[in-house]
Amino acid sequence: KICLPLHNRLNIKVMSLPWIALGVTALVLFVVFLIQIGVFTWPTVSVEDVKPTQVIYKYHTGGMKKVGPAFKALSALIGKNCDHDRNARMVGVYYDDPEKTAEDKTRWAVGVVEDDVDASAKESLAKAGYKTFLLQGCTTVKTEWKFYPQLGPLSILLMVYRCYPALDKYIKTKELHRGNAMEFYHGYKKSSIGIGFIPVDVRFALKDINTWAVPEALESK
């Protein structure tokens with residue numbers, strides 16, 4: 001057995017301290033990051049009335065994997081024509097339960113609040129096949145989430161697997177009648193640790209199954 005002199009052992013311990021401190025700091029920052037993006041968050045649910053909102057939308061069909069690219073295409077159209085596009089409120093409306101509907105039959109629409117874009121952006125959206133529609137006001141069940149665009153699919157998965165089960169549980173417990181789903185994306189913000197995020201209201205309309213249904217969704221039903 002080899003025994004190092006005492007002063008050598010002390011030197012090794014002293015040299016190791018900065019690495020230990022660095023490791024602890026990295027671990028703490030990682031945990032703070034996980035907390036910030038919602039890994040340990042369980043959203044609360046409330047009942048809230050929403051006001052009518054005029055949107056510029058485009059209707060789609062197909063699996064949920066197409067939703068992200070559709071929002072990116074919408075953002076690109078707005079960004080080319082609107083200096084304040086990061087503050088433009090966007091909306092996704094979903095008419096079918098993806099767990100109960102064939103992927104190619106799933107109906108949904110994405111859009112932007114009309115008041116948040118200028119005339120040039122409206123013209124570009126119209127050329128790209130977008131239309132205007134009034135999302136009617138109604139009573140909804142709602143929960144809130146922070147979407148982090150830079151995390152891509154991870155942030156989407158966290159929102160889907162936290163918000164929708166919470167809403168479903170509330171609706172079943174209260175024996176409410178669930179309508180269509182909506183994700184309402186507010187303007188871009190920054191968290192307390194400087195990470196950019198978009199606040200999202202995730203909602204289900206109550207009672208009327210056709211609430212927020214654009215004409216194409218009704219025609220294809």
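Predicted model: local features only at pLDDT ≥ 70, side-chain atom pairs only at ≥ 80, totals over all residues.
Is Val160 buried, partly exposed or exposed? Select Val160 to find out. With a relative accessibility of 31%, Val160 counts as partly exposed.

**Stop 1: around Val160**

Select residues 153-174. This is helix α4, and Val160 is found in it. Together with Val160, they form a nonpolar patch on the surface. The accessible area of the patch is about 360 Å².

**Stop 2: the whole protein**

Zoom out and colour by secondary structure. The protein has 5 helices and 9 strands. Of the 221 residues, 40% count as buried.

**Stop 3: the largest pocket**

The largest pocket has a volume of about 1,700 Å³. It is lined by 44 residues, and those closest to its centre are Tyr94, Ile156, Met159, Val160 and Glu183. Next, highlight α2 (67-79), β3, α4, β7 (178-185) and β9 (196-206); each gives two or more residues to this lining. Helix α4 gives the most, with 11 residues. Colour the lining by class: 26 residues are nonpolar, 6 are polar and 12 are charged.

**Stop 4: the second largest pocket**

Move on to the second largest pocket, which holds about 210 Å³ of space. Select Val50, Lys51, Thr53, Phe184 and Arg203. Of the 14 lining residues, these are the closest to the centre of the second largest pocket. Strands β1 (46-50), β7 and β9 each supply two or more residues of the lining. Strand β1 gives the most, with 3 residues. The lining of this second pocket divides into 5 nonpolar, 3 polar and 6 charged residues.

**Stop 5: the cavity**

Go inside. How many cavities of 30 Å³ or more does the structure hold? There is 1, and the largest cavity has a volume of about 40 Å³. Select Val55, Tyr57, Val91, Val93, Ala109, Val110, Gly111, Phe133, Leu135 and Val214 to see the lining of the largest cavity. Strands β2 (53-61), β3 (90-94), β4 (107-113) and β5 (131-135) each supply at least two of its residues. Strand β4 gives the most, with 3. The lining has 9 nonpolar residues, 1 polar residue and no charged ones.

**Stop 6: salt bridges**

Show the charged side chains. The structure holds 11 salt bridges.

Start with Arg107 and Asp96. Their side chains meet in a salt bridge at 2.8 Å, N to O. Arg107 sits in strand β4 and Asp96 in the loop between β3 and β4, so the pair ties together parts 11 residues apart in sequence. Arg107 counts as buried at 11% relative accessibility. Asp96 counts as buried too, at 19%.

Next, select Asp97 and Arg178. Their salt bridge spans 3.7 Å, N to O. Asp97 is in the loop between β3 and β4 and Arg178 is in strand β7, so this pair ties together parts 81 residues apart in sequence.

Then pick Glu216 and Lys131. Their closest N and O atoms are 3.2 Å apart in a salt bridge. Glu216 lies in helix α5 (residues 215-219) and Lys131 in strand β5, so the link joins parts 85 residues apart in sequence. Glu216 is buried, at 16% relative accessible area, whereas Lys131 is partly exposed, at 44%.

Technical notes:
Residues numbered from 1 in each chain as written. Heavy atoms only, no water. Patch = residues over 30% accessible without salt bridge, like charges linked within 9 Å, V, L, I, M, F, W, Y side chains within 5 Å. Areas by Shrake-Rupley, 256 points an atom, 1.4 Å probe, with all protein chains shown as cover. Salt bridge = Lys/Arg side-chain N within 4 Å of Asp/Glu carboxyl O. Helix = DSSP H or I, 4+ residues; strand = E, 2+ residues; numbered from the N terminus. Buried < 20%, exposed > 50% of the residue type's maximum accessible area, 1.4 Å probe, protein only. 1 Å grid on protein atoms, 1.4 Å probe; cavity = no way out; pocket = protein on both sides within 12 Å on 5 of 7 lines; lining within 4 Å. Points joined across faces, edges and corners; volume = space filled by probe spheres on them. Nonpolar A, V, L, I, M, F, W, Y, C, P; charged D, E, K, R; others polar.
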